[in-house]
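Colleague: Please take me through this model, starting with single residues and ending with the chain as a whole.

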Amino acid sequence: PLLIPTQENIMVTFLPFKGYRPNIRAGETIADRVSPPYDVIGEEELRQLQSKRENVTNLTLSPDADKRYTQARKRLDEMVADGSLKQDEPSYYIYDQTFSDGGKTYTRRGLVGILRTEEYSEGNIIPHEETFSKVKADRLNLLRDMETHLESIFGIFPGLGKELDRKVDDSARLLYRYVDGNGVEHRYSRICDEGLCKEISEKLKDQKMLIADGHHRYETALNYAKENPDSEAKQFVLCTMVSQDDAGLVIWPTHRLIDAGDIGETSAIKKIGKAMTMTEVTEEEMESRLKEHLFGMMFRSGRCFLLDNTSDDGNVMMKLDTYAAQQKILYGVYKSDEGKSKISYDAELGSVKKAMAEKKHDAAIVLNAPCLQTIWDLAGQGKRMPKKTTFFFPKIWSGWVFYRME
């Protein structure tokens with residue numbers, strides 16, 4: 001019900017645009033230009049990507065010594081001038097990703113356009129996670145210098161409907177295809193039919209959008225829009241929208257890894273036991289029975305537990321595993337909000353188990369996969385989930401198309 005807007009409201013403005021995209025030449029492939037989003041790239045992977053002169057990471061992750069991006073801007077201007085990037089007529093783009101998860105194969109389809117930014121208080125663009133202010137400061141410098149949206153936010157919307165979906169299938173023309181190192185197939189297509197583009201933008205006018213991924217980029221784009229009130233072009237952000245009933249909407253949990261500082265394991269378990277119900281189990285039992293409980297925990301000693309609330313204290317957010325874990329354990333026991341312990345994040349359970357087996361951390365909180373309906377319900381009530389509650393898999397890659405605003 002939260003997805004159905006009231007009649008008197010005008011909802012999102014989502015438009016086609018004149019995208020700049022890679023002009024692939026002899027000796028090149030699209031793999032030389034694209035990358036995962038900036039915030040999930042490791043050091044070695046970044047070195048490999050930036051060895052390709054025109055890879056998008058040389059624009060998004062190459063700040064000057066003063067943390068500005070003037071040299072990256074020069075490189076972008078050169079890429080436009082020498083034809084490394086070419087500009088389309090007004091278009092939407094279709095981004096299909098085919099991937100495997102849990103032994104099943106899925107395809108997720110995104111519709112790419114530009115979204116008008118507005119305050120969350122308007123009720124049309126709905127966030128679901130908290131953000132880090134330090135990250136937004138860097139991304140704002142990037143926008144100021146580049147005057148270009150180089151990476152897309154990821155939104156979820158009610159959908160176009162079967163008739164429009166069929167028209168999109170018939171009209172889309174494949175531009176790029178790439179299979180990445182994790183076996184995900186990326187296909188990027190273009191829709192340039194003026195009539196169909198108009199139909200799509202009209203359909204979106206009566207819909208709302210939940211930000212799935214890219215809260216930092218959206219809030220940065222909104223701040224940038226406020227800095228440039230006289231520029232219509234700068235009121236928009238590059239956005240990839242996925243229908244709420246898309247069969248490929250796979251959400252992973254993001255597990256918490258704890259470096260406890262001077263907080264000992266025995267003392268921590270005793271305090272956690274006073275705040276929550278703890279059932280000690282083997283590692284295998286913790287994993288197999290996790291869905292029956294709020295979340296699990298692993299400790300450096302090898303001890304494992306399944307945890308549940310003793311009560312929700314009348315707070316609806318306590319039913320959310322990431323929130324209960326944050327308030328009762330990370331803040332309540334490990335005092336991470338006071339800097340007494342360090343928290344890191346990992347969306348892959350296999351990686352978490354390996355790190356704990358190698359005694360790299362003092363404890364780990366193992367979470368269940370978030371439910372999309374729960375995300376909608378809480379977001380619709382104006383509730384913000386803790387940072388990194390969701391991990392939409394696979395990530396939306398960057399470099400396929402840019403939105404220039406100068």
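**Residues and chain**

Colleague: Which helix holds Leu-378?
Modeller: This is a predicted model, in which local features need pLDDT of at least 70 and side-chain atom pairs count only at pLDDT 80 or more, while totals for chains, interfaces and linings use all residues. Residues are numbered from 1 along each chain as its sequence is written, and side-chain values use heavy atoms, without hydrogens and water. Helices (H or I, at least four residues) and strands (E, at least two) are DSSP runs numbered from the N terminus. Leu-378 falls in the run of residues 372-380, which is helix 12.

Colleague: Is Leu-378 buried or exposed?
Modeller: Buried means under 20% relative accessible area and exposed over 50%, with partly exposed in between (1.4 Å probe, protein chains only). Leu-378 has a relative accessible area of 6%, so the class is buried.

Colleague: How far apart in space are Leu-378 and Val-316, C-alpha to C-alpha?
Modeller: Contact is taken as heavy atoms within 4.5 Å. Beyond its neighbours within four places in sequence, Leu-378 is in contact with Met-317, Leu-320, Lys-383 and Met-385 as well as Val-316. Leu-378 and Val-316 are 62 residues apart in sequence, and their C-alpha distance is 8.7 Å.

Colleague: Why does Leu-249 count as buried?
Modeller: Leu-249 is placed in the loop between strand 12 (236-243) and strand 13 (250-253). With residues up to four places away in sequence left out, the residues it touches include Arg-108, Phe-154, Ile-156, Leu-372 and Phe-392. Leu-249 counts as buried because its relative accessibility is 16%.

Colleague: How far apart in space are Leu-330 and Leu-204, C-alpha to C-alpha?
Modeller: Leu-330 lies in helix 10 (residues 321-331) and is buried, at a relative accessible area of 6%. Not counting residues up to four places away in sequence, those it touches include Arg-256, Ile-258, Lys-335 and Ile-365. Leu-204 is 126 residues from Leu-330 in sequence, and the distance in space is 40 Å.

Colleague: Is Lys-335 buried, partly exposed or exposed?
Modeller: Lys-335 sits in the loop between helix 10 and strand 18 (342-346). Its phi is near 50°, a positive value in a residue other than glycine. With a relative accessible area of 28%, Lys-335 is partly exposed.

Colleague: What is the phi of Glu-147?
Modeller: Glu-147 is found in the loop between helix 4 (133-146) and strand 7 (148-149). Although Glu-147 is not a glycine, its phi is positive, at about 50°.

Colleague: Is the peptide bond from Phe-393 to Pro-394 cis or trans?
Modeller: Pro-394 is in the loop between strand 20 (390-393) and strand 21 (403-404). The bond from Phe-393 to Pro-394 has omega near -5° and is cis.

Colleague: Which residues have the most contacts inside the largest nonpolar core?
Modeller: A nonpolar core is a set of buried Ala, Val, Leu, Ile, Met, Phe, Trp, Tyr and Cys residues joined through side-chain atoms within 4.5 Å. The largest has 63 residues, and those with the most contacts inside it are Phe-295, Met-297 and Tyr-334.

Colleague: How many residues are in the second, separate core?
Modeller: Among its members are Leu-111, Ile-191, Ile-211 and Tyr-218, and the core has a count of 26.

Colleague: What is the relative accessibility of Ile-211?
Modeller: Ile-211 lies in strand 11 (residues 209-213). Leaving out residues up to four places away in sequence, it touches Tyr-120, Ile-125, Ile-126, His-128, Phe-154, Gly-155 and Tyr-218. Ile-211 counts as buried, with a relative accessibility of 0%.

Colleague: What is the radius of gyration of the protein chain?
Modeller: The radius is taken over C-alpha atoms, and the globule rule is 2.2 Å times the number of residues to the power 0.38. The C-alpha trace spans about 65 × 50 × 45 Å along its principal axes. For 406 residues a compact globule would have a radius near 22 Å, and the chain agrees, with 22 Å.

Colleague: What share of the contacts with a separation of 6 or more comes from residues 24 or more positions apart?
Modeller: The chain has 12 helices and 21 strands, and buried residues make up 53% of its 406 residues. Within the contacts at a separation of 6 or more, residues 24 or more positions apart account for 77%.
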